[in-house]
Structure formats: structure tokens, C-alpha cells
Amino acid sequence: MHRQRMTTLGVATLWLVGGVTAIAQDGRPATTAAEAFFEAKIRPVLVSHCYQCHSDSAKKTRGGLKLDSRSALLAGGDNGPVIVPGSAEKSLLFKAVSYHDKKLQMPPKGKLPDAVVADFRKWIDMGAPDPRVPKAASYVQTKIDLAKGREYWAYRSPKKPAIPTIRGSEWPRTDVDRFILATLMQSKLKPVKDADARSLVRRLYFVLTGLPPTPEAVTTWTSRIDGAVSAVARRDAIGRLVDELLASPRYGEHWGRHWMDVARFAESTGGDANNILLHAWRYRDYVIDAFNADKSFDRFIIEQLAGDLLPFSSDKEFAANVVATGFLACGVKLVAEEEGRRFFADLVDEQIDATTRAFLATTVACARCHDHKFDPIPQTDYYALAGIFRSTQTHFGLMKAQARQTTPLLDLTGLGLPEIGRQISLAQLAQLRDKRDKALKHQEETLAKMRAGEAVPQSVWLRSRTDRDRTQVAYQIYDDKGNPRVFAMGVQDQEFPVETRLLSRGEVDKPGAKVPRGFVQVITKTGEHLLPSTIKGSGRLELAKWIASPDNPLTARVIANRVWQHLFGRGLVRTVDDFGKTGEPPTHPELLDHLAIRLVEHKWSIKAFIREIVLSRTWQLSSEFDESNFALDPENRFLWRMSSRRLTGEQIRDAMLLVSGNLVVKRPLGTFLTSVGEGTIGRSVNEPDIRKIESNHRSVYLPRVRNVLPELLELFDAPDASLVMGARETTTSPLQSLYLMNSPLVRRQADGLARRVKDAGDPFGVAHELAFGRPATARERKFEAAFVVNFTKAARSETLSADDLQRRCLEAYCHALLCSAEFRILD
């Protein structure tokens, strides 16, 4: 019931009219007589009255619509599908030629004769037979040997390996340790000593929550760990800290940010016209909540790919499931593309790439134009998946005045999701409606002048369209009682599955053989890769269940490797987004299989999986250097120590906010982009307006606009979400140091830290402990004293009171602490 309710409430007005939704054929084969009718009655009219503006030969395709081929006709244009085979009354093409709607009249120079209009009605009602289909082979040849391809390590199901037996050593504490030590011994390496308790506490806080521990937490947990009377008691003390951190809401914010890198989450379309997506934030919050609730990862997968198709027990559960499908809607979109078919093909391509790389670490999108050059993935596999996504409607919104390609948002009002904004009075609602009506009238008058041949400046025309859409948005975000409505990005099934053909070289105007919907053959059992013909929906739910199945040889391995990468800094397979032949093989293949099986045994609980790994002795090793080990394994591929790593940009910023006392931990409702509004960056939305948005909330809640990231995050290698990014680059540049030295943001945090410690008995010592999680050494205290002396000498030229001198000296010292390497390095 609620699924249908959401569909009918999907906003369908000027600013949200869809432009890419493909329509399925009704399946009735055209007869020879029917095709003859098309050739005699319909094609000549299209050639005479339509091809000038709606064909490949047109100088500029109007409305993204082409009518010179059957595939183009079915794909539609900017205003969506123009043909519903079997129903003239539901077809935009018939409405246009019949002049039923004053806003949609084609040809624009005058109505066709009534007899011709009747021919169009008859033709569409008989199923819109159209013989203009390129002849193509009924099969597609491939040279790929799938049987041989299935022998590759990643495409074989994980097998439970024997746990290595380590004789004469009490070092291993867990099965993970036994696998690691066995490899170290084979390579003539030895593990270094365990990390001290203070370092371990700091490591756990940063890795699990993305934030540093307070000095009080360091003192409490260090004493508990060091005070343990046995190895078992020490392990229990560490386990209690792990449990506390996993239960913290800060865990979901940090690990949710990891997944958002993979999900290429952003709040703008990117691409050729970078438009703001004001409703993407709901997917962000869904991800954070999912990690905090420890949603089983197989369920997490299914919800993101097909949440709208799942059973539900409440309105709120249904709405949350729909929001989860924002995974498929938040990718890069070329919304300035004129041709609807090409935009739709690129949209589907992006969804295939994101889905297969995120969950399977497989680059299926490389088979769009030809068989995969390296992996055993024929081109037909790509189009088998494309059939599933082509049978899916993607809802992301946008105003038509700002983008050529737009779709409706999903209306989830009244289903239990948080509302943005306050209720307005009926008088205020009437004012918004009046502004909308006036703007619409002005736009129609402007259009009428243009059609009459009057010279209208382009700026006037564009402004009339923008005003029309903005006033429509302002009115439409409220219901008829003035309550704010709830919108979301996501997907839904098309009414019918869409026929999919293999495209020669990936070109939309070169369709070939039909390809039935299905999955990637090399990771399915022989003969089981096609969807049953009885499935009436898109096939997304079946695809999601196939990916999330324990029998899928890739999924558990890929997710286990992603978790390992965030815990150790590098995955067992370093190319975390590519398990194919161009990626690296695992350094510990048996351990990877063991972890994949353990993840499933944990019922896909990420928290339980993390807990098992961080309680291993391997993860608790120190980062100390060992010359003999380094000579044999300089990259630490076999994990003889814990590799030091730089914090992410988000961790650096959040840590500064925390130690300065400025961090706001409460989640903001909505997006900070509300202040800049909807539109195209560089045209109706200014980039400086986005960059000047400031907040003391965690970095995960900052505006995530493609190509316009906050400066600190951009400098410290945060991805701009153009692609799946499971492992970030780590670069070092002079700009990073210059930013830390001169940034007003960093200076404000340094001042906040100074204010926080100024009344302490030892403000410099307390500041040091807040910044680094440890007391200053005797050598560092000497440096501190020298710093104060040098600063005092340098400030003699200024007339400062003793209090001002002490304040500024403390601020400068705190600034130096925040700029130091130790502040942003995790051992």
C-alpha cells in the first residue's frame, strides 16, 4: 500500500518532471500490415514535420528527443518517454500532436490535420509498430573462456582453511595471529613488541571513532590495562574499551564516512553541470544509523540496492528502506546532456560501476563497449546488468531551469522521517502560491513572445524559467496545510521491464542483439546467471540477494578486506576496489578466506568482526622500527609491526575541534547547503558561498559538494566522490603545512585550546597532553621553556600587558602543537 502511495505522491510538476525514464514495450509483435501502416501514415509525417528538430541530422536536438529510430522513440527525451505502446491517451507524443495541452503542442508551427492525428492515435493504440530496428545477430560471440576464468582465486568460493599450528610459541592469541605468525616465520621475520597501553588507547579511539581520547580516558584505560594481573585480564580490559567505543554514536559517524567514500556520496551531481542535491543528506544519515545499529551487512547491501522492494512492518521502516536506495541515486550525473538516451545510458553505466566495484570489487563497467580486456567478463554480462538498472527509475530531483535532465524526487511525507523547516500559516502559503502563479504567467508570456518572433534576450528567458522553478519549489515544499513535506532521493521499478540490447561500442544509436537480464557469469554457477523470465519487476531485488549471498565468492571477501584496510591502513588485497587481474593478489590468501567465512559466521556483524580483529595481538603490535625486519620486508606487507599512518582530513579537523573544546557532537538536521539553495554551481550558486559555510559539527556533516570540498579536507586527500574510493591516497605537500600555519580555522582551534587550559596549574603541560594523549617528556619541557623565552623576546617590540603576553604565547604554543606531525600521525 505504501509503495503505491509513494509512487502517486511523487512530485510531478515543472521543477521535477522526469527526463530519463524508459518505457517498456507491451510485448506484442508488429504484423506486416501494422508496419506497412507505419511506413505509409506515420514515417512520412515524422520526416516532414519532426526530423528537423528531433533526429541525428538536426543541428540541435530539441528537448533531448529523437524520433528517427525506434530505440530513440522509446527512450524519449527531457520530458520522459513519449510513447506508451498500446495507449495513445497516455503518450506524450499523441498529446503533443493533438494540441490537448497548451504547453505541449507539436509541431509548433501549426496543428496537423485531424486525419493525421487520428492516424497517430491508431498507430499508438495498435502497439506503435516501428520496423526501424537495425538488423543484428541473434547471439553475441565472445572469446572469453568462462570455465578457465572461474579458476582465478577471487572467483572461487572461500574455503575454510586449516588454522596454522605454531609449535614452540606462545605469541599468538587468536586465529588471526596464527595466520600472521606462520607467514612471518616463513619469511624469516619476527613481530615487534606489543604497543604500550597509552598508545593502544589512542589507536583504538582514532580507529573506532575517528576522535582522540580525552586525558581522563587515557588515564582511566591505561591504568586498567596496565593494572591487569594476567594476559587474560588485560585482554578483558581492552575488550571492555572496544565495546564502549563500538557502542558510541561517534563510531557510526566515523565508519559511516568510510562507507560513503565507497558509495561515492556527494551533495551535488558533479559532471558537466554541477547541481546541488539538497536531499542527499538523508542517505548520509541512513548510513551512519546503519553502522551504529550494527545492521547486518548483507541486509545493508540489499537495502541499498532494493530497499523499496522489501517487505516492511511500519511506515518508518518503509521510508528508511527507500532512503537507502539513495546509494543508486547519489552518483555523478551529466545533467547537461541534451540527449535523453545518452544520459540514461551513462546513468545506468555509473550505477553498474558503483554496484560492482563497491560490493564485488569488480570493474564490470569496463565491458560496456567490448569484452573486458583483462577479466573474464563478456560484454553481454554488462548488458545483462544494464537490463536490471534500465528497468529502474532513478529519482534525484533538480529544477528544469538548471538542468536538462531531471527526475521527480520521492515524496515520503507522513511516513515517520524527520521534517526540515517549520509549519507556515495559510496566509504565507497563499503568498507563495501567488508568487508561483505570477512567475508561471510571466514565463508563459515570455515564451509566447518568442514564438511570435519577438526578440527576447536570452537572459530574460533564462531568468523567467529560473523564477518559475524557484517559486514552484518554494511553494511545493509545503502541503496544503503549510506543513513541510519530506522528500528523498532513491529508486523505484519501472512499470514494466525494459528490453535491453547490446550496444556496439557502447553507442546508443547502434543497438544489436537483445540481452536478457542477469548477473556476472564468472561468479555464478554455470547456467544460473539469467533471471527467470517469470520475474515481472526490474530484477534489482534478485540482484541484491545474489550479491549478499554467502555463496557469492566475492562479497564477503571484499567487505572483510575493506574492514581490514581501515584497521591496518592497507588491505590484504591492496587494490580494495579491484579484485580482478589488474589488481594485486592477497598477501595472505588463506587468512582472507578465513576472515570472509568469519564475517558470515558473525551474521555479517561489522562490529563483531572489528572486535575480533582489534583484539588480536597482530593489531596490538607497536609501530617501532626493526632494522632486520625492514631489510626483508620494507613495506611491512607481512605485518611484523603496526604501520604508522597519517590521519584523514576529517580526523585532523575533528581532533582539532575536540581538543579545543569547540566540537558539537549533536547531529545537525538536514544539510548546511540549505543556505545556498538549489541550482548549478557557478551559475545560480556561487562556489565561495559554499566554501564559507562553517560549522563546529563533525566533518562528516560538512557540505560534500563535488569539486568544492572544504579546504582542509581537499588538501588532506578527501575524495570528491567522482568514483568509488575504498582506499584514499595519502600525499604530502607544502600546501598542507602552509594551510595549518595560516588557516583561520586552525588558529581558532588553537585559541580555543589556549582558553581551555589557561586556568590550569600547568597550562602548557595540559595542552600538550590534550593534543598528543601523553605527558610531555623532559626534553620537550625544555623546548617549551625555550619557546616561551624566544616568544617573549620577539614580542618586546609590542606593547603588551603581562596577561596579554602570556595569552598570546600560550596561543602560539597551542598552534604549534596542532601543526605538529605527531598531532596528525597515528602509531
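**A walk through the predicted chain**

Lys188 is exposed, with a relative accessible area of 72%, where exposed stands for over 50%, buried for under 20% and partly exposed for the range in between, all with a 1.4 Å probe and protein chains only. Lys188 sits in the loop between α7 (175-186) and α8 (197-209), and although Lys188 is not a glycine, its phi is positive, at about 60 degrees. Helices here are DSSP runs of H or I with at least four residues, strands are runs of E with at least two, and both are numbered from the N terminus.

The model is a predicted one, in which local features need pLDDT of at least 70 and side-chain atom pairs count only at pLDDT 80 or more, whereas totals for chains, interfaces and linings use all residues. Residues are numbered from 1 along each chain as its sequence is written, and side-chain values use heavy atoms, with hydrogens and water left out.

A positive phi is also found at Asn636, which is not a glycine either and has a value of about 55 degrees. Asn636 belongs to the loop between α23 (627-632) and β7 (645-646), and with a relative accessibility of 2% it counts as buried. Another backbone feature is the cis peptide bond from Met106 to Pro107, whose omega is near -5 degrees; Pro107 lies in the loop that runs between α4 (92-97) and α5 (114-125).

Turning to the chain as a whole, the protein has 32 helices and eight strands. Its radius of gyration is 30 Å, close to the 28 Å that the globule rule gives for 827 residues, so the chain is as compact as a globular protein of that length; the radius is taken over C-alpha atoms, and the rule is 2.2 Å times the number of residues to the power 0.38. Along the principal axes, the C-alpha atoms fill a box of roughly 100 × 70 × 45 Å. Of the 827 residues, 56% count as buried, and among contacts (heavy atoms within 4.5 Å) with a separation of 6 or more, 71% are between residues 24 or more positions apart.

The accessible surface of the chain comes to about 36100 Å², and 53% of this surface belongs to carbon and sulfur atoms, with areas from the Shrake-Rupley method and a 1.4 Å probe. The chain carries 117 positive and 100 negative charges, whose mean positions are 2 Å apart. In this count Lys and Arg are positive and Asp and Glu negative, while His and the chain ends are not counted, and each charge is placed at NZ of Lys, CZ of Arg, CG of Asp or CD of Glu.

Among the helices, α13 (residues 297-306) is mostly covered, with eight of its 10 residues buried; these include Phe297, Phe300, Glu303 and Gln304. In helix α31 (residues 802-819) one finds Gln806, which is partly exposed, with a relative accessible area of 49%. The C-alpha atom of Gln806 is separated by 8.7 Å from that of Thr792, 14 residues apart along the chain.

A search of the whole structure for disulfides, meaning pairs of cysteine sulfur atoms within 2.5 Å, finds zero. Cys53 is in no disulfide, and the nearest cysteine sulfur, that of Cys50, is 8.7 Å away; Cys53 is partly exposed, with a relative accessible area of 27%. Cys814 is likewise in no disulfide, the nearest cysteine sulfur being that of Cys809, 9.6 Å away, and at 0% relative accessibility Cys814 counts as buried.
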